[in-house]
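Please read the following report alongside the sequence and the model.

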Amino acid sequence: MPEAMLEVRDLVVHYGAIRALTGVSLSVPEGKVVCVIGSNGAGKTTTLRTVSGLLRPTSGTIVFNGSSIVGRPAHEIARLGVAHVPEGRHVFPDQSVEDNLHLGAFTRRGEGRAAIEADVRLMYDMFPRLGERRTQLAGTMSGGEQQMLAIGRALMLKPRLVLLDEPSMGLAPIVIDEVFRRLADLKGRGLTMLLVEQLAYRALDVADYAYVIEHGRIELEGPAATVRADPKVRAAYLGEGAG
């Protein structure tokens with residue numbers, strides 16, 4: 001297996017007196033896609049928000065690229081190469097598509113305009129709809145277009161690891177198909193991703209390895225195909241009979 005780019009060990013997170021995560025451990029190898037599936041409120045989003053520095057854990061370790069990132073602010077973790085595509089997309093609605101992409105490159109200001117413009121063009125090649133909408137205000141775009149923009153904006157960071165939180169949320173099935181085709185394309189380019197997704201069958205289709213989280217604990221893990229074949233996963237998350 002490739003060397004782990006991200007190692008999370010025994011992560012405990014509280015919201016006030018409520019324990020949201022209880023000893024979560026997971027690993028994301030370089031060049032692989034790892035997914036975390038589970039029901040609403042199971043701890044999926046909390047896990048991503050803690051990795052990206054938006055939440056501070058009560059205890060546990062988070063090692064990215066060989067260095068501890070526990071306690072570092074989110075902007076420092078981004079500069080290290082971790083891009084977070086949050087639940088609900090959160091594009092800058094009053095800025096154009098192109099301005100949103102430029103804002104995604106905030107850690108790269110020392111590289112010069114030409115390098116950043118080249119990557120903007122790359123995003124337009126990767127997501128043609130963004131090129132068609134480059135001058136449009138992001139807030140006036142459809143949900144699917146905003147999701148593509150949120151992913152493109154994250155890629156402008158030139159990240160080593162992308163955290164994706166519920167990319168299917170609020171999208172029509174045909175748009176979800178398009179989003180996951182793009183994620184499969186990115187996987188083919190060797191991008192390392194940690195994907196949180198309530199539509200388990202979508203996540204398991206694109207992932208190499210999977211974790212099942214419930215009540216803040218990892219209940220099951222294994223290669224995505226193995227997790228998908230598990231009778232309890234089939235019954236609870238895939239809408240299939242357990243027999």
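## Basis of the description

Contact, or touching, here means heavy atoms within 4.5 Å. The structure is a predicted model, in which local features need pLDDT of at least 70 and side-chain atom pairs count only at pLDDT 80 or more, whereas totals for chains, interfaces and linings use all residues. Residues are numbered from 1 along each chain as its sequence is written, and side-chain values use heavy atoms, with hydrogens and water left out.

## Nonpolar cores

A nonpolar core is a set of buried Ala, Val, Leu, Ile, Met, Phe, Trp, Tyr and Cys residues joined through side-chain atoms within 4.5 Å, where buried stands for under 20% relative accessible area, exposed for over 50% and partly exposed for values in between (1.4 Å probe, protein chains only). The largest such core has 50 residues, and Ile37, Ile151 and Leu155 touch the most other members. Helix α6 (residues 143-155) supplies the largest share of this core, namely six residues; helices (H or I, at least four residues) and strands (E, at least two) are DSSP runs numbered from the N terminus. Apart from this core lies another, of 25 residues, which includes Val13, Leu26, Tyr211 and Ile213.

Leaving aside residues up to four places away in sequence, the contacts of Ile37 include Lys44, Glu197, Leu204, Tyr211, Ile213 and Tyr237.

## Helices α3 and α4

The axes of helix α3 (residues 97-104) and helix α4 (residues 113-126) come within 10 Å and cross at roughly 125°; axes are lines fitted to C-alpha atoms, for helices over the stretch in contact, and angles run from 0 to 180 degrees between N-to-C directions. That angle makes α3 oblique to α4, since angles under 35 degrees count as roughly parallel, over 145 as roughly antiparallel, 65 to 115 as roughly perpendicular and the rest as oblique.

On the α3 side, Val97, Glu98, Leu101 and His102 meet residues of α4 that include Arg113, Ile116 and Tyr124.

## Loop residues

Although Glu166 is not a glycine, this residue has a positive phi of about 50°; Glu166 is found in the loop between β7 (161-165) and α7 (173-188) and counts as buried at 6% relative accessibility. His215, also not a glycine, has a positive phi of about 50°, and is found in the loop between β9 (209-214) and β10 (217-223), where His215 is exposed with a relative accessible area of 67%.

Thr58 is found in the loop between α1 (44-51) and β4 (59-64) and is partly exposed, with a relative accessible area of 49%.
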